[in-house]
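Work through the exercises below with the structure in view. Try each task before reading its solution.

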Amino acid sequence: MPPRSRRIALVLLASLASAAITLGIGAGVADTAQQDPSRTLKDVAAFQSITDAGDRSRAFFTEAAKVITDPRCMNCHPVTGRPTQGDDLHPHVPFMQAGASRIGMDGLACSACHRAENTTIVGSRLRSIPGNAHWSLAPDSMGWQGHSLGYICRQLKDPERNGGRSLARIRQHLAEDHLVAWAWHPGDGRRPAPGTQDGFGALIAAWIETGAECPPG
């Protein structure tokens with residue numbers, strides 16, 4: 001092999017080796033993320049050793065709150081009437097006000113950018129724009145950002161703040177609603193909520209069955 005061809009071959013081999021190492025590191029990071037307890041949900045059976053029903057109920061809610069307090073949910077539950085974005089809950093860009101309709105103001109509705117499904121953006125650092133047919137902001141009475149788990153728990157239980165829902169309807173909303181389901185299918189470039197919607201729904205059902213007790217605070 002001529003010297004120039006040999007040099008080119010060596011460079012290509014080095015590049016391939018570097019790519020393989022990078023992919024290996026990436027896989028390791030992914031595996032570590034999957035094992036992160038904050039990114040998983042314990043099964044209902046994991047709490048059966050807690051003999052006191054009230055303590056067990058609070059434990060169910062605390063576990064389910066991994067989803068409730070995840071950025072995929074929190075971004076749509078601000079206390080300002082203005083959505084946030086990203087894992088750091090930074091202000092929505094462009095500036096957006098939900099208005100009384102919770103779907104934007106006249107002339108700038110959420111649907112102007114958020115379609116009925118996630119939209120992939122080729123060549124953009126955003127990678128995708130989230131979407132759902134029912135995309136909207138939660139009502140002010142269900143603002144979660146900045147509140148304790150106990151406060152959020154009491155919000156969920158209070159018909160005057162939760163849209164007049166019974167606990168049964170709260171479970172149905174969290175376990176079956178299509179917009180809630182988006183949190184586990186948020187589009188390219190976003191980390192999904194912990195666990196699965198089925199697992200989340202089971203924890204909420206168990207919380208209700210044990211008295212729907214709230215954590216302190």
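The model is predicted.

**Exercise 1. Surface and burial**

Solution: Now turn to burial. Of the 217 residues, 35% count as buried.

**Exercise 2. Fold layout**

Task: Count the helices and strands, then give their order along the sequence.

Solution: Start with the count. The protein has 7 helices and 6 strands. Next, the order. The pattern reads α-α-α-β-β-β-β-β-β-α-α-α-α. Finally, consider contacts between residues at least 6 apart in sequence. Of these, 56% join residues at least 24 apart.

**Exercise 3. α5 against α7**

Task: Classify the packing of helix α5 and helix α7, then describe their contact.

Solution: Two packed helices are described by the angle between their axes and the distance between the axes. Take α5 as residues 167–176 and α7 as residues 197–209. Their angle is about 165°, and the axes lie 8 Å apart. An angle over 145 degrees counts as roughly antiparallel, so α5 is roughly antiparallel to α7. The crossing of α5 past α7 is right-handed.

List the contact next. From α5 come Leu167, Arg171, Leu174, Ala175 and Glu176. From α7 come Gln197, Phe200, Gly201, Ile204, Ala205, Trp207 and Ile208. Sorted by class, the contact holds 8 nonpolar, 2 polar and 2 charged residues.

**Exercise 4. Glutamate 117**

Task: Where is glutamate 117 placed, and does glutamate 117 count as buried or exposed?

Solution: Glutamate 117 sits in the loop between β4 (108–109) and β5 (119–120). Exposed means over 50% relative accessible area. Glutamate 117 has 57% relative accessibility, so glutamate 117 counts as exposed.

Then look for partners. Leaving out residues up to four places away in sequence, glutamate 117 touches Ile129, Gly131 and Asn132. Tryptophan 135 is 18 residues away from glutamate 117 in sequence. Their C-alpha atoms are 9.4 Å apart.

Note on methods. Residues are numbered from 1 along each chain as its sequence is written. This is a predicted model: local features need pLDDT of at least 70, side-chain atom pairs count only at pLDDT 80 or more; totals for chains, interfaces and linings use all residues. Side-chain values use heavy atoms; hydrogens and water are left out. Helices (H or I, at least four residues) and strands (E, at least two) are DSSP runs, numbered from the N terminus. Buried means under 20% relative accessible area, exposed over 50%, partly exposed in between (1.4 Å probe, protein chains only). Contact means heavy atoms within 4.5 Å. Axes are lines fitted to C-alpha atoms, for helices over the stretch in contact, and angles run from 0 to 180 degrees between N-to-C directions. Angles under 35 degrees count as roughly parallel, over 145 as roughly antiparallel, 65 to 115 as roughly perpendicular and the rest as oblique. A crossing is left-handed if the near helix is turned anticlockwise from the far one by less than a right angle, and right-handed if clockwise. Ala, Val, Leu, Ile, Met, Phe, Trp, Tyr, Cys and Pro count as nonpolar, Asp, Glu, Lys and Arg as charged, and the others, Gly among them, as polar.
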